[in-house]
Amino acid sequence: MANKDYYEVLGIQKGASEDEIKKAFRKLAIKYHPDKNRGNKEAEEKFKEINEAYQVLSDPEKRSNYDRFGTADFNGAGGGFGDFSGGFGDFGDLGDIFSSFFGGGFGGGSSRRNPNAPERGNDIEYTITLTFEEAVFGAKKEVNITRNETCETCHGSGAKKGTSAKTCDKCHGTGRIRVQRNTALGSFVTEAACDKCGGKGKIISEPCTECHGSGIERKRRKISVNIPAGVDTGNVIPLRGQGEHGKNNGPAGDLYINIKVIPSKEFKRQGFDIYLDTHISFPKAALGTEIAVPTIDGDVKYTVPAGTQSGTVFRLKGKGVPKVNSSGRGDQYVKVIVDIPKSLNEKQKEALKLYMEASGESPKEKKSGFKKFF
């Protein structure tokens, strides 16, 4: 790699420490490794460059020569890739890092999960749509779900009734095997799924006729759900253990019920409080009156005091939505809207004129006090 700046190749400064050089190489080696970039010639050449740069800069003598003369004496040792046949032992857990990309560890690799260990089932989500009244007072609903369940015929073993699965003789039940891979960088020992048992660690000679060897079957179930009073859109009700069944005697997942509420045409809800507009006539607002106010519990009587202005809000304490899993309730707020008639008959007009006269007002429009100048 003549006329190349090794420091630039690794993305470090000239005075970088040994630890910085090692970290930079580790990062680039993961990014451009051939096993991660199969068929990518550019990545392969880049990997060769960073390897060559590391071979020089990680060796104090070669680095000194390179810093002084811009070159280093490789003599066929360290400039090639033979040094990698022993793996990445100098980098501690680098083999474990590579294993996450290439399916196994290098010269030992990382630990693998036992394929026969208990595995928790997946969770399921379901959305229930409720009316406003159902959400306020609670309800009992039934939902139909389809989930994975342990096969009732083979009890999850996957084997035909009267038979059993056998431990794979190739991977000895681990589900993993070691494979030696020869590359341009040398020999690597990697881990891969056992090709004989498919990574399951066991072999089923006679599969179950119901689940075909999976140990799992799809079932449609009807689940009863108790909706507590006071729920609202966005609330979630968890049903523990009602999700998909686990594998290898693992616990079942959960069923999460998402709540969606259809808004009321009459009431507006905010939290546990309810808001309502009520309309009254001008005379009733002026003289005071008793009105029937709709609530979620039915109509209640309320006395509107004389002189109530349009926009006035009064509160009905404890007439709101029940609080979930509590004995408390929110309140109801009623906004009074005074209706002004858009058209009057002659009798109504005459009555309003008399009212104005009694109030010291004249129904006739007064002439302007401004004189005409033109």
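Predicted model: local features only at pLDDT ≥ 70, side-chain atom pairs only at ≥ 80, totals over all residues.
Helix H4 runs over residues 60–69, and its buried residues are Lys62, Arg63 and Tyr66. Because these residues cover an arc of only 100° around the axis, they are placed on the same side of H4. On the face of H4 that is turned away from this buried side, the exposed residues are Pro60, Glu61, Arg68 and Phe69.

## The ends of helix H4

At the N-terminal end, H4 is capped by Asp59, which has a side-chain oxygen 3.0 Å from the backbone nitrogen of Glu61. Glu61 is also among the exposed residues on the face turned away from the buried side of H4. Just after the helix comes Gly70, whose phi is positive, at about 75°.

## Two histidines in loops

Most residues other than glycine have a negative phi. His172, however, is a residue other than glycine with a positive phi, near 60°, and it is found in the loop between strand S3 (166–167) and strand S4 (176–183). His172 counts as exposed because its relative accessibility is 63%, and the cut-off for that word is over 50%.

His212 likewise has a positive phi near 60°, and its place is the loop between strand S6 (202–203) and strand S7 (216–227). With a relative accessibility of 64%, His212 therefore also counts as exposed.

Notes: Residues numbered from 1 in each chain as written. Heavy atoms only, no water. Helix = DSSP H or I, 4+ residues; strand = E, 2+ residues; numbered from the N terminus. Buried < 20%, exposed > 50% of the residue type's maximum accessible area, 1.4 Å probe, protein only. Arc of directions from axis to C-beta. Polar contact = N/O pair within 3.5 Å; in protein donor to acceptor, adjacent residues only side chain to side chain.
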